[in-house]
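Here is my note on the model, point by point. Please read it with the structure open.

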Amino acid sequence: MATNRLLSPSAAFLHPRENNLFLPFFRLHTRQRSQLRRPPSTSRDAVRRGGNLKLAIKKIAPPTNRSPSPEHLKRRTRSGVEFDRELYERYASAGHVPVMFCEVLEAFRIPRLRSFVDCTLGAAGHSSAIIEAHRELELFVGLDVDTLAVDKARTRIEALVSDGFREELKVYTHVRNFKYIKAVLGGVDENLLSEGVDGIFMDLGISSMQVDNLERGFSVLGDGPLDMRMDPQGTLKAEDILNTWPEAEVGRILRDYGEESNWWFLQEKIINARKKGGLHSSRELVDLVRKASGKSGGRLGWIKTATRVFQALRIVVNDELQTLENALYACFDCLSSGGRLAVISFHSLEDRIVKKTFLDIIENEGEDDEEDYTVKRNDKIGTGTQIWSKQRIVGRNGTILTKRPITPCEDEERLNRRCRSAKLRVIQKH
Ligand SMILES: C[S@@+](CC[C@H](N)C(=O)[O-])C[C@H]1O[C@@H](n2cnc3c(N)ncnc32)[C@H](O)[C@@H]1O
């Protein structure tokens, strides 16, 4: 295991190799099950019947620039935490703008945060804010699968700790997948697993640093190799899937993980491309999607389709969904009594897993959303201006503090478009 106590220059990093060939599996949502039953090629059938391909695609393409429906708005709660622009600008300056960090600070506003684990260090924006806000913090552990991210985060935290005279704070950073959180914490301190940690945080997906590095292959708008590994030591790349995986698997990935309605048509194009040497760069894949999308929906239309295709590939390359589900259970096990786990997700597949797993973890007995619960158990939940305090679901093992996910405030959305799809859910252990 790669363990690096901060401020000890001799400590070395190892790069664990994950078996990325493992095919992700998770329970299909009702809508996906209905897609499985649906005849696969709505657009092709329309064309065979003498219809116009572009019209056929347009018919099944989701509308672009949709404003959220009232039904959708009911299912989430816009953050009511006051947006701190000064703090935002301070933490936004290091290559990656941390999303919803005021809400994250609020989520960990508990009487004493003595130990904290950031499962997705990135550029350490959230971690820096937590470390600065909690002088009582004694132990910080940060994980990321990306060596570059861990290096950058370590430098940033190192400066913060020495500038703030925080010598008493023990800081460990690891190049490690968060699914191994128990092994990591056990390695840091054998008592940690039985005592538990007070806060665990996940900010899912990729960082701006990863998207902006075209060599990583995550960017729809740039050109680079079709890689998409968050962990540069991983064995599976996006181009392996596109050029060698069975045709039906390619289609299944686009359908299940890209939620792409035009998946069958794209699958056929991808398989046809193999006859001409396959797809090897993100530009080639985006061109294929653009041509397959015709002019319907304009530029936004094909960019959105390409984004869904990239999302699907990224999920499989990094085994993101199964890893997330397993890790949520492991993280909850690692919490102390009264400890909190907060997760920011960026697309509906992730959010659905967080929502369902939280419900499963707490073993909900039907009591939920009770305002007077604050009065009954104020001692454990903590006080403050918590926006979610009236939207809880109480279970046998814990309380979901966000019955509906919290989404960014309008001020943040105006400053950072990337945050628009973010959803924050928080759970607390009894
Ligand atoms: C959105 S960024 C986090 C940004 C960070 N919160 C900040 O403020 O700078 C997500 C990070 O999580 C990492 N990551 C994604 N999945 C991971 C996993 N399973 N285990 C560890 N790190 C992971 C990515 O490599 C990326 O650096």
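1. The shell around the ligand divides into ten nonpolar, nine polar and three charged residues. Nonpolar here covers Ala, Val, Leu, Ile, Met, Phe, Trp, Tyr, Cys and Pro; charged covers Asp, Glu, Lys and Arg; the others, Gly among them, are polar. Of the 22 residues around the ligand, Pro98, Thr120, Gly122, Gly125 and Asp203 come nearest. To be near, a residue needs its C-beta atom, placed from the backbone, within 6 Å of the molecule or strand. Helix H7 (125-133) and strand S4 (139-144) each give at least two residues to this shell.

2. A word on the source. This is a predicted model, where local features need pLDDT of at least 70, side-chain atom pairs count only at pLDDT 80 or more, and totals for chains, interfaces and linings use all residues. Residues are numbered from 1 along each chain as its sequence is written.

3. Now the whole protein. It has 21 helices and twelve strands. These are DSSP runs numbered from the N terminus: helices are H or I with at least four residues, strands E with at least two. Of its 430 residues, 44% count as buried. Buried means 20 or more other C-beta atoms within 10 Å of the residue's own, exposed 12 or fewer, and partly exposed in between, with C-beta atoms placed from the backbone.

4. How do H14 and H15 pack? Helix H14 (residues 263-274) meets helix H15 (residues 282-293) at about 130 degrees, with axes 10 Å apart. Axes are lines fitted to C-alpha atoms, for helices over the stretch in contact; angles run from 0 to 180 degrees between N-to-C directions. H14 and H15 are therefore oblique to each other. Angles under 35 degrees are roughly parallel, over 145 roughly antiparallel, 65 to 115 roughly perpendicular, and the rest oblique.

5. Phe265, Leu266, Lys269, Ile270 and Ala273 in H14 meet Leu288, Val289 and Ala292 in H15. By class, this contact has seven nonpolar, no polar and one charged residues.

6. Trp263 also sits in H14. Trp263 is buried, with 24 other C-beta atoms within 10 Å. Beyond its neighbours within four places in sequence, Trp263 contacts Gly251, Leu254, Arg255 and Gly258. Contact means C-beta atoms, placed from the backbone, within 7 Å.

7. Check two backbone angles. Met100, not a glycine, has a positive phi near 50 degrees. Met100 lies in the loop between H5 (85-91) and H6 (101-107). Asp319 has a positive phi of about 45 degrees, though not a glycine. Asp319 is in the loop between H16 (298-317) and H17 (320-334).

Definitions and conventions:
Two residues are in contact if their C-beta atoms, placed from the backbone, lie within 7 Å.
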